[in-house]
Amino acid sequence: MDAAVKSRRWRLEARRWKRPTTLRRQLIAWLAGPLFILWLVSSIIDYDIARRFVNLAYDRALLEAAIDINRQVKVINDRIYLDMPDVALEMLRTRESGNFFYLVTGPVEEFVSGEPDLPRPLPETPDAAADRVRYYDEAFRGFEIRAVALRAPVDPGSGRGAVQIHVAERVTSRDEFARQIILRMVLPQGILILLAGFAVWYAVGRGLAPLTSLRREIESRSHRDLSALSEEQAPQEVRPLIHAMNDLLARLATAISSQQRFIADAAHQLRTPIAGLKTQTELALRQSDPGMQDTLRKLQTATEHSARLVNQLLSLARAEPGAKLGHAVERLDLARLARETTTEWVPRALTRSIDLGYDGEDGAAWIEGDPFLVRDLLGNLLDNAIRYTQRGGQVTVRLSASADTLTLSVEDDGPGIPEQDRERVFERFYRVLGTGTEGCGLGLAIVREIALSHRAQVTLAAAAGGQGTLVRVTFPRVA
Amino acid sequence: MRILIVEDDPVLSDGLIRSLRGSDYAVDSATDGAEADQILSAHSFDLVILDLGLPKLEGYEVLRRLRRRGSKTPVLILTALDTLEDRVKGLDLGADDYLTKPFDLPELEARVRALIRRGQSGGGSVLAHGALTLDTTGRRAQLDGEPLELSAREIGVLEVLMLRSGRVVNKDQLAEELYGWDEEVSANAIEVYVHRLRRKLEPAGVTIRTIRGLGYLLEKP
């Protein structure tokens, strides 16, 4: 499969799995849920406590107002009346912002002063009778009120009984006050929770950074690179993961190389019987009567095809990543290698009356590479060019240099490769339809594998005249 | 001319024997390394065709023992292994040529001829190419039995081309061969010699082909 497609697919898959289970989301969820509940419960408790203290404070103020009023209760001529200057009353009212009401009643519940319709406390229960002070909640003129009833003897010691002083105020002010308090407590808590959330978000991001960089490293790798991942930068917790991954990579590399060794061994084993078959066929062709010639030619073609296939399988096994079939990278002269390889192919080209030539500067051109593989690469390009170009055609190997690259190209004036096939010809066993030539479709796959292992680019285009094929392989140049 | 074929695959071995016998060589064969070693220590051959992957005794070992005995018999290695290391190892051990399986029969036959010729080159020899012959000791060329007027340098160029007939000879190789006669042989000079040779040989149907950017090739008759 194409490497780019593979890695894209991998990334898509990774994305599909990522959404439901990021560590960050999980941690935030685990943290935010309980914190929110805690916040809610503590708010309710806070509100309750605030309410209680507000009530306590306000009730005390009410009682003080009642006591103030009580001081002004006078008895003159057996009549009880409230000697309260208007100014004082006004003061009380203002203090309570207009929501203040009072009622003074005599020992027999008779009206003395204030709001006559102000609700009075429920009839006293027997044991509450002794209470001097009673608080109660009522409704008055459509408002909720809180009231206190103070029972005070008239002229202590006179035995005239007691007056009742009722003082009430609307509850809105206490509600407002409680709300203020609760707001001041709950808001900072909420902010604290939010901050904790952000801290977790950030910390998880920081904590997972090694994993992210690990992911990037793995993502950016080519499928050929099975070397171990670096453990140095990773924190202690991530190391076992990298360790396990490296272990897997190592096992994978071993498995791949043993598979490649198997292919190589199989190809080697096949070479001798094919050589026997080929030799016998060629001998038979020299001696046989004309009737057998046709069959023998076909046999010869099939043998050649098998021979080529075996060679190419071997090349492919050698070129693939992890192949350890005795090749070594060295500084090599691409110009010399290209000249030599082309020279080797001249006799083959001549049997097909193809004019094979070389075009390049005289000096050396250095690349880093495995001479055996690079020779294979050019050999496969030449094999294709010679195979698919008509008799009498022309094939030219060129080497051109730029500041930091060397481009090896093979150009022919054969039938060319249609544009829509140009990407696919690099796939294994893919053959352009209608070429009518024996090929096994491995040549360009090998070329690409070898190019990949040399960090070289392969491009396919129409030849200069618009006809034929131009394959370019661009290598990084070394000094 | 006596050739020993050491190859354990019976079909391939049989094919080689018949092919070489067809070219009038006397051919013996061995099917394992130990047998080959025994035969080689008792008899002398003009050429040994040696497979590397042999039972009982590896081909490399057969070669090593042969050379240790001081034999200069040319050895052509025939093998399924084809990495550079294998090649280098074989040649280091004293093999003279290397052919990877599967091979073309004509290619093998050409190498066999070349190796046998090289084995005898001490006494000089006559190279033949269709109607053209070249006496390398007398430095005379003949076409259809008629002497050919060639300069010493032209003979030099022709000799190199004939020795590698069917293969490309580049200008550097030609210049190297001509070094003895001429201190400085320029590429242009070689072009001139080839041009003259061509003019003299073409009427007889002997073609020297120019291979673009690479050199020259004497086409097989």
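Of the 109 residues in the largest nonpolar core, Leu334(A), Val6(B), Ile49(B) and Leu50(B) touch the most other members. A nonpolar core is a set of buried Ala, Val, Leu, Ile, Met, Phe, Trp, Tyr and Cys residues joined through C-beta atoms within 7 Å. A residue counts as buried if 20 or more other C-beta atoms lie within 10 Å of its own, as exposed if 12 or fewer do, and as partly exposed in between, the C-beta atoms being placed from the backbone. Helix H8(A) gives the most to this core, with 10 residues. Helices (H or I, at least four residues) and strands (E, at least two) are DSSP runs, numbered from the N terminus.

The model is predicted: local features need pLDDT of at least 70 and side-chain atom pairs count only at pLDDT 80 or more, whereas totals for chains, interfaces and linings use all residues. Residues are numbered from 1 along each chain as its sequence is written, while chains are lettered from A and ligands numbered from 1 in the order in which they are written.

Leu334(A) deserves a further look. Leaving aside its neighbours within four places in sequence, Leu334(A) is in contact with Ala365(A), Ile367(A), Leu399(A), Leu406(A), Leu408(A) and Phe475(A); two residues are in contact if their C-beta atoms, placed from the backbone, lie within 7 Å. Another core lies apart from the largest one and has 19 residues, among them Tyr102(A), Leu103(A), Ala149(A) and Val167(A).

The overall make-up of the chains comes next. Chain A has 9 helices and 14 strands, and 27% of its 479 residues are buried. In chain B there are 8 helices and 12 strands, and 35% of its 221 residues count as buried. Of the contacts in chain A with a separation of 6 or more, 68% are between residues 24 or more positions apart. In chain B, 55% of the contacts between residues at least 6 apart in sequence join residues at least 24 apart.

Chain A contains an open sheet of 5 strands in the order S4-S3-S7-S6-S5, with antiparallel pairing. Strand S4 (111–114) and strand S5 (133–140) of chain A stand at the edges with a single partner strand each, so one side of each has no neighbour in the sheet. From one strand to the next, the twist averages 20°. Two strands pair if DSSP finds at least two bridges between them. Strand S3 (residues 100–105) of chain A is joined to the antiparallel S4(A) by 3 bridges, and Thr105(A) stands opposite Phe111(A) in S4(A). Helix H2 (residues 23–71) of chain A lies across S3, S5, S6 (143–153) and S7 (162–170) of chain A, running at about 45° to S6(A). Axes are lines fitted to C-alpha atoms, for helices over the stretch in contact, and angles run from 0 to 180 degrees between N-to-C directions.

Elsewhere in chain A, helix H9 (residues 443–453) is mostly covered, with 10 of its 11 residues buried. Its buried residues pack against helix H6 (290–319), helix H8 (371–388), strand S13 (457–462) and strand S14 (469–476) of chain A. Just after H9(A), Arg455(A) takes a positive phi of about 55°.

In chain B, strand S3 (residues 47–51) has 5 of its 5 residues buried, so the strand is largely enclosed by the rest of the structure. On one side are Leu47(B), Ile49(B) and Asp51(B), on the other Val48(B) and Leu50(B), and all are buried. Strand S1 (residues 2–6) of chain B pairs with S3(B) in the parallel sense over 4 bridges, and Leu50(B) in S3(B) is the bridge partner of Val6(B). S3(B) also pairs in the parallel sense with strand S4 (residues 75–79) of chain B, over 4 bridges, where Asp51(B) stands opposite Leu78(B).

Two helices of chain B, H6 (residues 152–163) and H8 (residues 187–201), have axes that come within 10 Å and cross at roughly 85°. That makes H6(B) roughly perpendicular to H8(B); angles under 35 degrees count as roughly parallel, over 145 as roughly antiparallel, 65 to 115 as roughly perpendicular and the rest as oblique.

Finally, the two chains meet in a contact that takes 25 residues from chain B and 26 residues from chain A. On the side of chain B that touches chain A, H1(B) gives the most, with 6 residues.
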